[in-house]
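Hello,

Here is the structure we talked about. My notes follow below it.

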Amino acid sequence: MKFLIKLFGYLFGIGAVLGLLVAAGVWLFLQDMSEDLPDYTALKNYEPPVMTRVHAADGQLMAEYAKERRLFLPIQAVPDLLKQAYISAEDKNFYSHLGIDPEGIARAAVAYVRNYGSGRRPQGASTITQQVAKNFLLTNEVSMERKVKEAILALRIEQAYTKDEILELYLNEIYLGVGAYGVAAASLLYFDKSVHELTLEEVAYLAALPKGPNNYHPFREREAAIERRNWVIDRMIENGYVDSLAGEEAKAKPLSVKLRSRGTHLFASEYFSEEVRREIASMYGEARLYEGGLSVRSTLDPKLQAMARKALMDGLVAFDQRRGGWRGPVQKIEPGAADWGVELAKIEGMPDVPEWRLAVVLSVSADGAEVGLQPTRESNGQLSTERERVTLPLAGMKWARVSGRSPTDAGDVLSPGDVVYVEKGEGDTAYELRQFPSVSGALVAMDPYTGRVLAMVGGFSFSQSEFNRATQAYRQPGSAFKPFLYAAALDNGYTPSSVIMDAPFEIAQGPGLPMWRPQNYGGKYYGPSTLRVGIELSRNVMTVRLAQDMGMPLVAEYAKRFGIYDAMTPVLSMSLGAGETTVMRMVTAYAMIANGGRQVHPTLIDRIQDRYGKTVYRHEERICETCATDHWADQSEPELVDNREQVLDPMTAYQITSMMEGVVQRGTATSVKVLGRPVAGKTGTTNEEKDAWFVGFTPDLTVGVFVGYDTPKPMGRGATGGQVAAPIFIDFMQAALKDAPPVEFRVPKGLQLIPINRQTGLRAGAGTPGTILEGFKPGTAPPDEYSIIGFQDEIGIPRTVSPEAGQAVMSGTGGLY
């Protein structure tokens, strides 16, 4: 008996020594593993890459920009049901363990020994805390060493952070497939919902994804995804988070995933969104744009944007159909294909022009064609099995001239197998033939008092071309530049009734260069005319004479002041808009006239906030010292201190506005009168009709339209600003101002309105034919006799003409030559 006791004591001693040696070895091993561990306290400063979101002025989401699509969600904002789903799926003892799960580790160790040498991946036993350690501080290496480091870090993290803090890190960092990081982004991308709107079966599916998003893809691995989702629901029932009845109902429901679009989220805003993206990148850099979690409130008015897009598209299509003729099908497919829908689906259309559908011509007759529409795709990405056939009557393709003549037979235009665009016309089944216009253009609408860009369309289709003609295309504005030259004159001693000679003359351009002989559009000359007539009827020769009389350096200074050109070459040809500028610059310049001469800077962004909600940029620069009051106590309303530069005398601004009203009432844009409200504007047409412009404004809205080919070339005789661009302006303004009452332009204090003869500029009696009220600054008045600029006597003094002689000139056979 004593021997046995001694033996057991001996063995116990040996065991104790061995145990101590093992413990010492383990301690040394853990010490070695701990030496180069990452600093887990860095998690306190966790700032994950978060996507930047851009919103329209009314709050609608426009676009999202991110390398990792993530929205950071504080743990307090995560619904309990979602937390419970992840805890049930990943770590049911999360709130009770110290960072590691001994039971899970033992189970994984047994499985590791059993599968050793089989090549099978070791079974995981990671708690949520261990996953946080791995995701934030370690690599995905599969090794025992990494698992030990993971466990050590998990224990330390549990000492330093609360359970909710750890869960918050986990739920915002995990990758859940389709580019989504974190539960908030995954909820939007999979279900187009916020996390607070998710149902039981939906939170269970999101909780099923961390083990391998590709293994449970909602469409490619649908059965496995449903099985895994239901397994999560069973664990939630087992853990007492939901009752069995609710769980069984959720398991019986289908997996209703609706993957969210990754492009622009607001219809018709592609050009606007891309311009905002470029602006943010230039302000803060690419890294902050895609990872900084900025919240951007843009100036876009979604309703005006849709109106602008439609007006421009309709105008470009109308011009193309009048001038272009039929350029053939988009593509051809084998007309005898067994399933034409499959072949047609392979051809990529233009997703930002949803009104137009790709179609294949199935048969052709004399009075029309039968076409098959491109099949749609289901929410799971699969092609629909429905094959829709519609009628394309001859009347819907009459515009499609071939060899200069309209078709009398559908076979003149189409043949079986042609892939074309069609648009729903009148009637249930009637469609019309469409083609993308070869001409392009742009439209910008701006608030003239703030510079806020309310709508911007940079071309017919962003899918077809991302080049933004509103901001990136530098084109000659032609006569649309003239108001700024005339404004310079009015600001420097001239009046609207100053008279200029409209007659041929020559200008030497320099050694070795031919003489320049400016001409009016149409080639005629009209004798002495007032500044008002010159701008209303867009007289080129008068404009050049006026520029010559003022001196081009003064004109160049005004062009820079209004931001049209950065450094205009002070040569006379530039007086006719020969320099290149953008639609955005021109609209901004006209806005300064519309608002009474105050400088404005165009902006597409109202405000930018960082990820914490702090405002880091605000466009509004005017000072309001009393706007921060948090309650009303009978005080007067806040006053804005307008500290912006006055780039033009307010009286001059009104004078040039009134003269541009004449462009609409009597000049080159009389079609705009159909709006039935005060509108000022100016047409612009360049040599050989390569560019057509109309820029105009009401007291509260400034709009510019440009039409032209991307590679400048003649658009054809008669393709002027008044004929091509003004109709687009009209269509937009009719829609934009439909419910707004007409508003008169405000007359500045001190300006005198005196009746004059519009043609001669001389004082006239009220009610006399041809009389208008003209604005004169204090100290100026209508002349009693002509002093004609550009009509001089032998010693160079401007020639004066009596009123009677002037009347004879203006009512004669066409003016002096």
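Glu688 lies in the loop between β18 (680-685) and β19 (692-698). Its phi is near 60°, a positive value in a residue other than glycine. Most residues other than glycine have a negative phi. Helices (H or I, at least four residues) and strands (E, at least two) are DSSP runs, numbered from the N terminus.

This is a predicted model: local features need pLDDT of at least 70, side-chain atom pairs count only at pLDDT 80 or more, and totals for chains, interfaces and linings use all residues. Residues are numbered from 1 along each chain as its sequence is written, and side-chain values use heavy atoms, with hydrogens and water left out.

Ser538 also has a positive phi, about 55°, and is not a glycine. Ser538 sits in the loop between α16 (531-536) and α17 (540-550). Is Ser538 buried or exposed? Ser538 is buried, with a relative accessible area of 12% (buried means under 20%, exposed over 50%, partly exposed in between; 1.4 Å probe, protein chains only).

Now α13 (302-323). This helix has 22 residues and reaches 32 Å from its first C-alpha to its last. That is close to the 32 Å expected at 1.5 Å a residue (1.5 Å times one less than the number of residues). At its start, a side-chain oxygen of Asp301 comes to within 3.1 Å of the backbone nitrogen of Lys303. Just after α13, Gly325 takes a positive phi of about 75°.

Best wishes

How values were computed
A polar contact is a pair of N or O atoms within 3.5 Å; within protein, one must be able to donate a hydrogen and the other to accept it, and residues adjacent in sequence count only if both atoms are side-chain atoms.
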